[in-house]
Amino acid sequence: MPFESLSERIQMSLRRITGRGRLTENDIDEMMKEVRLSLLEADVNYKVVKNFTAEVKQKALGEAILKSLSPGDQVVKVVHDELKKLMGEEAVPIAYKANGATIIMLVGLQGGGKTTHVGKLANYLRKNDQRKPLLIAADIYRPAAIDQLLTIGQQLGIEVYQEGTQAKVVDIVSNGVKYAKSQGFDLIIIDTAGRLHIDEVLMKELDDVVKAIHPDEVLLTIDAMMGQDAINVITSFHEKLPITGCILTKLDGDTRGGAALSIRYLTNIPIKYVGLGEKLDQIELFHPDRMAGRILGMGDVVTLIEKATEAIDEEEAMKLFEKMQKGIFNYNDFLKQLKWIKKMGSMKGILGLIPGLGAQLKKIDIDDKQLTNIEVIIGSMTPYERKNPDLMSRSPSRRDRVSKGSGRPYQEVNALTKRFEDMKKQMQVMSGMDQKSMARNMQNPQVPTRRNKGKGKGRGNFRI
Ligand SMILES: Nc1nc2c(ncn2[C@@H]2O[C@H](COP(=O)(O)OP(=O)(O)OP(=O)(O)O)[C@@H](O)[C@H]2O)c(=O)[nH]1
Ligand SMILES: [Mg+2]
């Protein structure tokens, strides 16, 4: 999860004030001191930190807040709103041309993620904005660069325009744009060469391309690991090229996240998308409010629901839900659910989106390999056993056979069948709930209803 340690530290400092009925200036000072340290440690630029803490403090000391019934919670909201402001308030998606093909050019330092993100972005915009993309291979310096883009294009089923490594970059791009227009493509994404350092020759070449084809967007890929150096890179590129936004890549790694919080404030260039892994669907539109929520451990229910609606077929889900209510849920249904979860991304990624769970994540030992192991175990059951889960729970010899067949330890098969039975029981409890409260819970999972608020009644909670 991005910003894991920043997120943990900030949450810890805020914990001293949340839920408090009264706050003094001193409490706020103490809290701000810690927030300041956590930001600096995350490699957020010191100017940004200074401004941020001053703003938060000033707002937090406002009378309306200190005299309110829950000053601590109000201060958390101030921190949230200021974080969001720092990152630019609103998401800034691609600005499409009203008529004709939109041209996006990716530029950046070597290894920053240009080629990968040409593919990711094309895939994302095809899916979400119903665009028909063409990719142009304009990195003629690294011999393998064109092949790399061709492979990505092949994986995605997206056409790549290329003229090999002998042609001139400006010619390749101009011809590619002409080709795209003649073939009815409405989105053109150009992969360009990277350099270890910003050098004049590269900048001149990129600038020539800009002058020849007038791209609608020039996006700069920035490796999130760069931390504060990102600012200099952005400034230097922007001096020479009309950069319209950044793609912050590799936000999935061990990055401290400082760049994400400094870029907008210091350069006024928006972060448009973030890259969250090597796979071609691991890209997201950058939403400052959702990111602020993730940092503060408030979860990101909106992203979660979006991912769920993408991965899950509603009709199928209803059928499954009915089966659960009737208590006839079997291993085939379970497999289907696992597939949905996998489609939604990594398990930790999903759990991190659920409010309050972020901080707990470290303690929970769920990884994607376990999901695969479960699939393997179920795969070793006979079709009859999958349809009749009772057989598995009742018969040690069947479990033994499945253990041998799947190559998983006997205890693991035992644990799975036991968990499956527990799950079934829990579903029956759920189906005993009245429909209205169920519907309420599903629409609004983060808000406790009167029914499940009290102690000991937690079994009625909607669980994901
Ligand atoms: N973890 C992670 N890895 C990424 C991400 N984006 C790219 N990578 C990896 O980073 C490496 C470099 O990515 P490329 O897309 O080839 O970078 P580039 O900017 O085109 O590199 P050059 O063409 O050599 O300048 C590859 O191994 C990618 O798989 C990301 O968001 N997360
Ligand atoms: Mg490349």
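1. Met 324 sits in helix H14, residues 314-326 (helices are DSSP runs of H or I with at least four residues, strands are E runs with at least two, and both are numbered from the N terminus). With 19 C-beta neighbours inside 10 Å, Met 324 counts as partly exposed. The scale, for reference: a residue is buried if 20 or more other C-beta atoms lie within 10 Å of its own, exposed if 12 or fewer, and partly exposed in between, with C-beta atoms placed from the backbone. Lys 425 is 101 residues away along the chain, yet the C-alpha atoms of Met 324 and Lys 425 are separated by 9.8 Å.

2. A word on provenance. This is a predicted model, in which local features need pLDDT of at least 70 and side-chain atom pairs count only at pLDDT 80 or more, while totals for chains, interfaces and linings use all residues. Residues are numbered from 1 along each chain as its sequence is written, and chains are lettered from A and ligands numbered from 1 in the order in which they are written.

3. The overall picture: the chain has 23 helices and eight strands. Of its 464 residues, 36% are buried. Take the contacts between residues at least 6 apart in sequence, and 73% of them join residues at least 24 apart (a contact means C-beta atoms, placed from the backbone, within 7 Å).

4. Now the ligand. Ligand 1 is surrounded by 21 residues, and the closest are Lys 114, Thr 115, Thr 116, Gly 194 and Gly 275; a residue is near the ligand if its C-beta atom, placed from the backbone, lies within 6 Å of it. Helix H6, residues 114-129, gives the most to this shell, with three residues. By class the shell has two nonpolar, 13 polar and six charged residues. The classes used: Ala, Val, Leu, Ile, Met, Phe, Trp, Tyr, Cys and Pro are nonpolar, Asp, Glu, Lys and Arg are charged, and the others, Gly among them, are polar.

5. Helix H1 (residues 4-15) packs on H2 at an angle of about 175 degrees, and their axes are 9 Å apart. Here axes are lines fitted to C-alpha atoms, for helices over the stretch in contact, and angles run from 0 to 180 degrees between N-to-C directions. On the H1 side, Leu 6, Arg 9, Ile 10, Ser 13 and Leu 14 meet Met 31, Glu 34, Val 35 and Ser 38 in H2. That contact has five nonpolar, two polar and two charged residues.

6. Which residues make the contact between H15 and H17? First the geometry: H15 (residues 331-343) and H17 (residues 368-379) pack at about 155 degrees, with axes 11 Å apart, and are therefore roughly antiparallel. Their crossing is left-handed, that is, the near helix is turned anticlockwise from the far one by less than a right angle, whereas clockwise would be right-handed. H15 brings Tyr 331, Phe 334, Leu 335, Leu 338, Ile 341 and Lys 342, and H17 brings Leu 371, Ile 374, Glu 375 and Ile 378. These residues divide into eight nonpolar, no polar and two charged. As a reminder, an α-helix has 3.6 residues a turn, so residues three or four places apart point the same way.

7. H5 (residues 71-87) and H12 (residues 288-295) pack at about 135 degrees, with axes 8 Å apart, so the pair is oblique. H5 passes H12 in a right-handed crossing. His 80, Leu 83, Lys 84 and Met 87 of H5 touch Pro 288, Asp 289, Met 291, Ala 292, Gly 293 and Ile 295 of H12. By class, the contact has six nonpolar, two polar and two charged residues.

8. Helix H11 (residues 258-267) is mostly covered, with seven of its ten residues buried: Gly 258, Ala 259, Ala 260, Leu 261, Ser 262, Ile 263 and Arg 264. After H11 comes Asn 268, with a positive phi near 65 degrees.

9. Two other positive phi values deserve a look. Asp 43, not a glycine, has a phi of about 70 degrees and is found in the loop between H2 (25-41) and H3 (46-60). Asp 43 counts as buried, with 20 C-beta neighbours inside 10 Å. Lys 250, also not a glycine, has a phi of about 60 degrees and lies in the loop between strand E6 (245-249) and H11. Lys 250 is buried, with 23 other C-beta atoms within 10 Å.

Key:
Angles under 35 degrees count as roughly parallel, over 145 as roughly antiparallel, 65 to 115 as roughly perpendicular and the rest as oblique. Two residues are in contact if their C-beta atoms, placed from the backbone, lie within 7 Å.
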